[in-house]
Amino acid sequence: MIAVRSRSGRLGRAALIAFCALVFAFLVLPILAVVPLSLNPGGFLVFPEGGLSLRWYRTLADSPQWTHAFGNSFKIAVATTAIATPLGTLAAIGLSHMRSRAKPVIVALISAPLVMPIVVVAVAFYFLFAPLGLVNGPVGLVIAHSALALPFVVIVVHASLSGLDPDLLRAAASLGAPPLTQLVRVLAPLAAPGIAAGAVFAFMTSFDETTVALFIAGPEQRTLPIQMFEGVREQISPAIAAAATLLIVASTLLLGTAELLRRRGERLRTGSAAPDVGA
Amino acid sequence: MAVSASPLVEFRGVEKRYAAGAAAAVAGLDLAVERGEFLTLLGPSGSGKTTTLMMLAGFETPSEGDIYLDGRSLADRPPHKRNMGVVFQNYALFPHMSVAGNIAFPLRVRGIRGADAAAKVEAALALVRLEGLGDRRPDALSGGQRQRVALARALVFEPDLVLMDEPLGALDRQLREHLQIEIKRIQRALGLTILYVTHDQSEALTLSDRIAVFADGRVQQLGPPDTIYERPANAFVAGFMGENNRLAATVITQQGDQCAIRLAGGQIVRATAAATFTPGTAVVAAIRPEHIEMGEQPLPCCNALDGRVDQLVYHGDHRRIHVGLDGGGSLIARVSADRDVKPGDRLAIGWCTDRCFVFPAADGSNPGGEGS
Ligand SMILES: Nc1ncnc2c1ncn2[C@@H]1O[C@H](COP(=O)(O)OP(=O)(O)O)[C@@H](O)[C@H]1O
Ligand SMILES: [Mg+2]
């Protein structure tokens with residue numbers, strides 16, 4: 001009886017592991033598939049048969065179209081980060097001080113761009129910005145991206161603030177620190193890892209955003225995702241795979257950074273308690 | 001104006017409701033803190049002690065009334081301009097600063113830097129006996145050390161007043177007693193005015209010059225520890241401060257503060273009245289176990305009752321005897337461990353009139369009286 005059960009237990013376990021492996025393969029393989037494609041020495045988007053080559057990376061670097069697109073994406077992402085991070089941080093600070101029942105409503109409003117279908121958001125921005133002359137220009141795109149990135153910053157920073165002991169700010173006040181000093185000397189350093197993680201999310205949100213960019217960006221603001229999208233339609237070359245590989249590496253690094261920051265923030269806030277020996 | 005004659009802090013008619021229509025967390029609070037005194041707010045959890053302290057520190061606003069510091073209203077003064085050192089139960093040390101950085105914080109925000117600040121930090125560390133630990137991070141300290149740092153940080157800027165909200169509540173008993181002595185030493189050495197909050201009556205008795213006993217948001221009694229302990233103003237204080245036998249009774253006669261009462265078992269005894277009663281009023285008589293005397297013969301000077309030993313409970317340095325009274329009722333007496341009694345023994349017990357206090361029966365929690 002026991003043997004039977006343990007054998008079926010083993011079988012079940014094996015099936016579970018196999019299923020998980022399958023799910024992971026389903027999630028990760030298509031993404032990783034572009035890596036060998038990008039190393040193809042030939043001119044077609046196929047898996048390399050002979051040796052590997054970095055030729056398509058060279059092509060990327062040499063092509064003004066690709067470097068321009070990289071540059072555009074980078075500039076717009078930086079501008080978005082610069083706008084969304086302070087705004088989102090301030091919003092998160094405000095929210096964390098709020099005791100009102102309106103708080104969930106405000107959180108829902110801030111996260112609206114996250115939960116709306118992105119194409120709806122894109123169309124909405126298009127109709128809003130067109131009469132204002134903000135389409136076909138970088139300003140409109142940065143504003144739209146900031147709206148998309150803001151909720152990420154608010155959520156990440158708010159999470160890092162909610163673990164903070166409220167007595168810390170009271171202590172700072174009682175010691176003579178006016179509100180701005182409390183913010184700069186106590187709140188900001190303790191929330192810094194969370195704020196930095198929020199900034200990383202804001203950057204990534206903008207850097208690979210495609211739909212809104214398709215609607216709003218002009219030919220001059222052709223961003224990397226748009227360049228890739230149109231590249232696939234026009235001239236299928238392994239250069240696209242090379243660009244994709246670079247994006248994968250960049251995203252992985254940034255996400256890893258964000259996670260490290262988050263953990264650091266947690267450590268800073270909780271501060272492992274030392275045993276209570278001696279006075 | 002005679003500023004120096006006015007108390008350092010004065011609560012005048014202060015009331016706090018956290019929400020409109022909610023029960024008052026603090027009500028009818030008139031309390032003065034004199035310069036250089038150690039005043040303790042003592043009461044059970046939820047009695048409004050923290051609320052009182054937070055209103056003084058400026059983190060909560062009174063719904064009614066006003067608080068005065070040096071005769072000036074604090075109504076429009078934000079917390080960072082009140083110049084009060086606050087020590088929190090969970091230390092509230094800044095985790096991203098060293099011990100020295102924490103202690104230097106109030107100096108920095110006051111523009112004191114460099115050698116001046118360093119000397120003050122050193123002196124504060126020496127005061128709490130943490131010399132040489134300035135470079136440590138708070139998370140590398142024990143709980144007792146952290147609270148010393150918090151104390152140093154609250155003292156280094158020479159505040160007018162130090163507020164402490166159950167500062168030793170998170171520490172174990174031995175450490176707590178040790179730090180109580182330290183706090184008292186520092187208070188005496190610097191002549192500090194301290195407003196201290198605790199729910200631990202022995203802590204309050206040890207530390208305080210005066211104690212304000214809180215219950216249900218109101219001060220039940222205000223006075224020096226011995227008065228609070230020996231002459232409780234009402235049944236709540238009598239029950240909260242140490243142990244008390246509570247005997248139901250009715251008043252027969254009263255003359256001044258002396259009265260004669262009839263216990264539920266029919267025995268007639270003399271006691272001290274805490275209020276004016278008309279004959280026939282239902283009352284509670286409170287008497288501490290250590291104030292009950294006993295002998296084999298009837299006792300001369302005191303109220304004398306006969307009873308029998310029901311039960312003996314060993315407490316190490318003493319024993320408690322549960323005595324069943326002839327005619328009904330029971331009470332607990334305290335005797336030294338070497339006294340020879342055993343269950344079933346008959347004995348005479350008694351107490352002096354001034355050790356037994358009589359309170360209105362219904363008053364218990366909310367008499368609203370202060371002193372007596
Ligand atoms: N921030 C708050 N919001 C609502 N009610 C509160 C708040 N703080 C305290 N109270 C209530 O006020 C009363 C007194 O609380 P408190 O001052 O903390 O008592 P203590 O410090 O004596 O335990 C309690 O009934 C408590 O529930
Ligand atoms: Mg409290």
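Across the interface of chain B and chain A, 2 residue pairs are in polar contact, both at pLDDT 80 or more. The model is a predicted one.

**Where chain B touches chain A**

- Strand E6 (84-87), helix H2 (99-109), helix H4 (143-155) and helix H5 (173-190) of chain B each supply at least two residues of the side that touches chain A.
- H4(B) gives the largest share of that side, with 7 residues.
- Sorted by class, the side of chain B that touches chain A holds 21 nonpolar, 7 polar and 8 charged residues.
- In total, 36 residues of chain B are in contact with 29 residues of chain A.

**Buried area**

- The size of an interface is often given as the accessible area lost when the parts come together.
- Between chain B and chain A, about 2,600 Å² is buried.
- Carbon and sulfur atoms give 62% of that area.
- On the chain B side, B:His80, B:His96 and B:Phe105 lose the most area to chain A.
- Together, B:His80, B:His96 and B:Phe105 account for 22% of what the chain B side buries.

**Salt bridges**

- Side chains of opposite charge can pair when their charged atoms come close.
- The count over all chains is 17 salt bridges.
- Across the interface of chain B and chain A there is 1 salt bridge.
- A:Arg170 forms a salt bridge with B:Glu60, and the closest N and O atoms are 3.7 Å apart.
- Within chain B, the side chains of B:Glu37 and B:Arg210 meet in a salt bridge at 2.7 Å, N to O.
- That pair links distant parts of the chain, 173 residues apart.
- B:Glu37 sits in the loop between strand E2 (24-33) and strand E3 (38-42) of chain B, while B:Arg210 belongs to strand E9 (residues 210-215).

**Ligand 1**

- The residues around ligand 1 are B:Tyr18, B:Ala25, B:Pro44, B:Ser45, B:Gly46, B:Ser47, B:Gly48, B:Lys49, B:Thr50 and B:Thr51.
- A polar backbone atom of B:Ser47 is 3.1 Å from an oxygen atom of ligand 1.
- For B:Gly48, a polar backbone atom is also 3.1 Å from an oxygen atom of ligand 1.
- B:Thr50 uses its side chain: a polar atom there lies 2.6 Å from an oxygen atom of ligand 1.

**Domains of chain B**

- Chain B is divided into domain 1 (2-230) and domain 2 (243-294 + 304-360).
- The C-alpha centres of domain 1 and domain 2 of chain B lie 39 Å apart.

Methods:
Residues numbered from 1 in each chain as written. Chains lettered and ligands numbered in written order. Predicted model: local features only at pLDDT ≥ 70, side-chain atom pairs only at ≥ 80, totals over all residues. Heavy atoms only, no water. Domains from an automatic or database assignment. Contact = heavy atoms within 4.5 Å. Buried area = accessible area lost by both parts, 1.4 Å probe. Salt bridge = Lys/Arg side-chain N within 4 Å of Asp/Glu carboxyl O. Polar contact = N/O pair within 3.5 Å; in protein donor to acceptor, adjacent residues only side chain to side chain. Helix = DSSP H or I, 4+ residues; strand = E, 2+ residues; numbered from the N terminus. Nonpolar A, V, L, I, M, F, W, Y, C, P; charged D, E, K, R; others polar. Near = heavy atom within 4 Å.
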